[in-house]
Amino acid sequence: MRYSRLFGKTYKFPSSKKKDKAWALLVQGGYFRSLGKGLFSFLPLGMKVYNRLKKIIRDELYELGGEEVLVPVVNPYSLWEASGRANLIDDEMLRFKDRTGKSYILSPTHEEAFVELARTAFTSYKDLPFFLFQFQTKFRDEERPRASLLRSKEFIMNDGYSFHKSYSDLNNFFPKIHAAYNNIFATCHLDVISAESTVGFMGGSKAYEFLSPSDNGKDLVLTCPNCGYSAKKKLAVGAKNYHLDDINFMSKIATPGAINMAKLADFFELPKYKLAKCMLFKGQSKLVMAVVRGDYGVSLHKLSEILGENITRKATKEEVIEQGLIPGYFSPINLSTDIDVTIIIDESIANTPNLVFGANEEGHSYLNTNFGVDFSCESVYDITEVKAGDRCLHCGSELEEVRCLEVGNIFKLDDFYTSRMDLTFQDDTGKVKHPYMGSYGIGMGRLIQAVVDKNRDDKGIVWPWYLAPFKVYLISIGKSKIVKELTEEIIELIGDDVLYDDRDESVGIKFRDAELLGIPLRIVVSKRYIEDEQVEFCTRRERDKWLVDKKHIIEEYNIIKKRESNIK
Ligand SMILES: [Zn+2]
């Protein structure tokens, strides 16, 4: 390929938009362009990278017996009503009517369409399991799309869907897809953490996300450096420290002005773990009082899971007062029976003796309060938000908090869709059952940007071999016949893997663009070396330079190809 013929050359990116370095490089290098908010176009170079990524993914999924299909982006709205997800994801779904008045959506995911596809093709347990995948456009009407591929409204996803005769069969498939995903990310030179995650609007029972540690990410992951336990922060669990002590009698103490944890700790000269923290949240029908020890925070996700409703915010001071509670002093202890709030108590409260609680009276607190003695409830829960430095539940090591970018996820959907949409098969005894289902997804554009984020330097992109749009960036210096002939010879020898910079530009610009584009190997044909019948090789990643005899060019190229192909 001759650079002069390539549509979409390198491009000077406005400096104000350079905050996201990886995205800036992809635009500057001529890989992608923006079309509007959350909408992006792939240029020829971007398409080459995309197609290479497709091949990496296809090869892994074929190994698992996957078969590639394609379902439409436009789906009947009725499918989403059947699965019950229409309400769950309504705001992010673009819905429209055709000329007959029938409602359609631009699909944000394709579980429903795959259940319908499965319905047309199997009836018996003998057809199970099967695993289908596609590369297809999705549309999510994101409230806050980012000015890059990391969060766009329209995006291409590799999504796979497996159908199984039993939970155990789905369960056995899960580690295989997990391993395949790890292979895909390794081939892309992307280190990932696979963390336990929430199923959210996808439904089902279990979810894992693959996350690349990145300052550009929006996700926080708690991970154990010793045993490898990893989970999204909102659902991570940790071991709680308990401080045993003899139980003392509760007494009421005047604590004027001690309306928060810090002031209360100062007043009693006690550590925060000797205080109870009572927080009020807005539930759908009632206010919710969450009680944790003073050294912990509350996980809204855990609270929502226990209550079966989505808790998104604290109650306002007005709502606290309106409920008849005293700001800064409310607690579950001796709470007036007229006050109707849901109380959720963390296990740390039940297991810590002699706590300080608010006394439900202005300017007063209880000292030496004990669960089971001074107050009680039927169940206690884990509602704490785990943070860096907390102990791993499995091995006791200190957990670390890592900011990450999600690049893929896998879900055990069980029979969430197949039972709601009544997809059935007959098992070997003739009994009618719903198949178990899993779904698996990788955001293609997001992964490409995540790869660039981790494979770049101050000069430009450093593509992993398998993703590089071309393997060789060829530059010729001088216009003599002998330089031209050798250049043509190299193009002939290496073929489609060469991008020949034949532009009428300075050598400096060509060298700069070679680095920006990130092609793994640069070959320079120059009058300087040609008298010795040599050319210069230079690798993009290591910047190693050496001279190669012209008769050994293809041999040397194949050595590099072999070596780079094995680096993961
Ligand atoms: Zn651990």
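Is Cys 392 buried or exposed? Select Cys 392 to begin the tour of this predicted model: at 1% relative accessibility, the residue counts as buried.

**The zinc site**

Next, display the zinc ion together with Cys 224, Cys 227, Cys 392 and Cys 395, whose SG atoms are its protein donors. These atoms lie 2.2 to 2.3 Å from the zinc ion. The angles among the 4 donor atoms run from 97 to 119°, and the site is tetrahedral. Along the sequence, the donor residues follow the spacing C-x2-C-x164-C-x2-C. Two of them, Cys 227 and Cys 392, link distant parts of the chain, 165 residues apart. Cys 227 is found in the loop between strand 11 (219-223) and strand 12 (230-232), while Cys 392 belongs to strand 22 (residues 391-392). In contrast to the buried Cys 392, Cys 227 is partly exposed, at 39% relative accessibility.

**Other cysteines**

Now select Cys 404, which is buried at 0% relative accessibility. The closest cysteine sulfur to that of Cys 404 is in Cys 224, and because 15 Å separates the two sulfurs, they are too far apart for a bond. A search of the whole structure finds 0 disulfides. Cys 538 may be selected as well; its relative accessible area is 6%, so it is buried.

**Ser 148 and its surroundings**

Move to Ser 148, in the loop between strand 7 (130-139) and strand 8 (154-164). Its relative accessible area is 1%, which makes it buried. Show Asp 20, Trp 23, Phe 40 and Gln 449: leaving aside neighbours within four places in sequence, these are the residues in contact with Ser 148. With Gln 449 there is also a polar contact of 3.4 Å between the side chains.

**Helix 6**

Finally, select residues 261-268, which form helix 6, and colour Met 261, Leu 264, Ala 265 and Phe 268, which are buried. When the view is turned to look down the axis of helix 6, its buried residues fall within an arc of 100° and therefore line one face of the helix. The elements covering these buried residues include strand 14 (251-254), strand 15 (276-282), strand 19 (355-358) and strand 20 (364-369). The tour ends at Glu 269, which follows helix 6 and has a positive phi, near 55°.

Methods:
Residues numbered from 1 in each chain as written. Predicted model: local features only at pLDDT ≥ 70, side-chain atom pairs only at ≥ 80, totals over all residues. Heavy atoms only, no water. Disulfide = S-S within 2.5 Å. Buried < 20%, exposed > 50% of the residue type's maximum accessible area, 1.4 Å probe, protein only. Donors = N, O, S within 2.8 Å, 3.2 Å for Na, K, Ca; no water. Tetrahedral: all angles 85-135°; square planar, octahedral: opposite > 155°, others 65-115°. Helix = DSSP H or I, 4+ residues; strand = E, 2+ residues; numbered from the N terminus. Contact = heavy atoms within 4.5 Å. Polar contact = N/O pair within 3.5 Å; in protein donor to acceptor, adjacent residues only side chain to side chain. Arc of directions from axis to C-beta.
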